[in-house]
Amino acid sequence: MKCQCCGEQIEIMAFKCKRCGELFCVDCRLPEIHDCSVVIVQKWEIFAVNRKKLTT
Ligand SMILES: [Zn+2]
Ligand SMILES: [Zn+2]
């Protein structure tokens, strides 16, 4: 089993991200740390909303 973020071999415990469902080591388990794809989508949504505000 390999961490989807740093590529480190996970031997003891793998953490499954609740948002993207990928497996990560203890260091990368938080969505903010492993650049969780769902987090990125949310950032883009915020960006889109801000852009809308600017143009109106
Ligand atoms: Zn890792
Ligand atoms: Zn994730």
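1. Which strand holds Phe15? Phe15 is found in strand S1, which covers residues 15–16. A strand here is a DSSP run of E of at least two residues; a helix is a DSSP run of H or I of at least four residues; both are numbered from the N terminus.

2. A word on the source. This is a predicted model, in which local features need pLDDT of at least 70, side-chain atom pairs count only at pLDDT 80 or more, and totals for chains, interfaces and linings use all residues. Residues are numbered from 1 along each chain as its sequence is written, while chains are lettered from A and ligands numbered from 1 in the order in which they are written.

3. The overall plan comes next. The chain has one helix and two strands. From the N terminus on, their order is β-β-α.

4. Back to Phe15. Phe15 counts as partly exposed because 17 C-beta neighbours lie inside 10 Å. The cut-offs are these: a residue is buried if 20 or more other C-beta atoms lie within 10 Å of its own, exposed if 12 or fewer, and partly exposed in between, with C-beta atoms placed from the backbone. Neighbours within four places in sequence aside, Phe15 is in contact with Phe24, Val26 and Arg29. Contact means that the C-beta atoms of two residues, placed from the backbone, lie within 7 Å. Phe15 and Cys28 are 13 residues apart along the chain, and their C-alpha atoms are separated by 8.6 Å.

5. Now Cys28. This residue sits in the loop between S2 and H1. Is Cys28 buried or exposed? Cys28 is buried, because 22 other C-beta atoms lie within 10 Å. Beyond four places in sequence, the contacts of Cys28 are Cys3, Cys5, Cys6, Ile33 and His34. Cys17 is 11 residues from Cys28 in sequence and 9.6 Å away in space, C-alpha to C-alpha.

6. Cys28 also belongs to the largest nonpolar core, which has six residues: Cys3, Cys17, Phe24, Cys25, Cys28 and Cys36. Such a core is a set of buried Ala, Val, Leu, Ile, Met, Phe, Trp, Tyr and Cys residues joined through C-beta atoms within 7 Å. In soluble globular proteins, nonpolar side chains tend to be buried together. Among the residues that Cys3 touches are Ile10, Leu23 and Phe24. Over the whole chain of 56 residues, buried residues make up 12%.

7. Asp35 deserves a look. Asp35 lies in the loop between strand S2 (23–24) and helix H1 (37–55). Asp35 is exposed, because its C-beta neighbours inside 10 Å number 11. Its phi is near 50 degrees, a positive value in a residue other than glycine. Most residues other than glycine have a negative phi.

8. Last, Met13. Met13 is found in the segment before S1. With 9 other C-beta atoms within 10 Å, Met13 is exposed.
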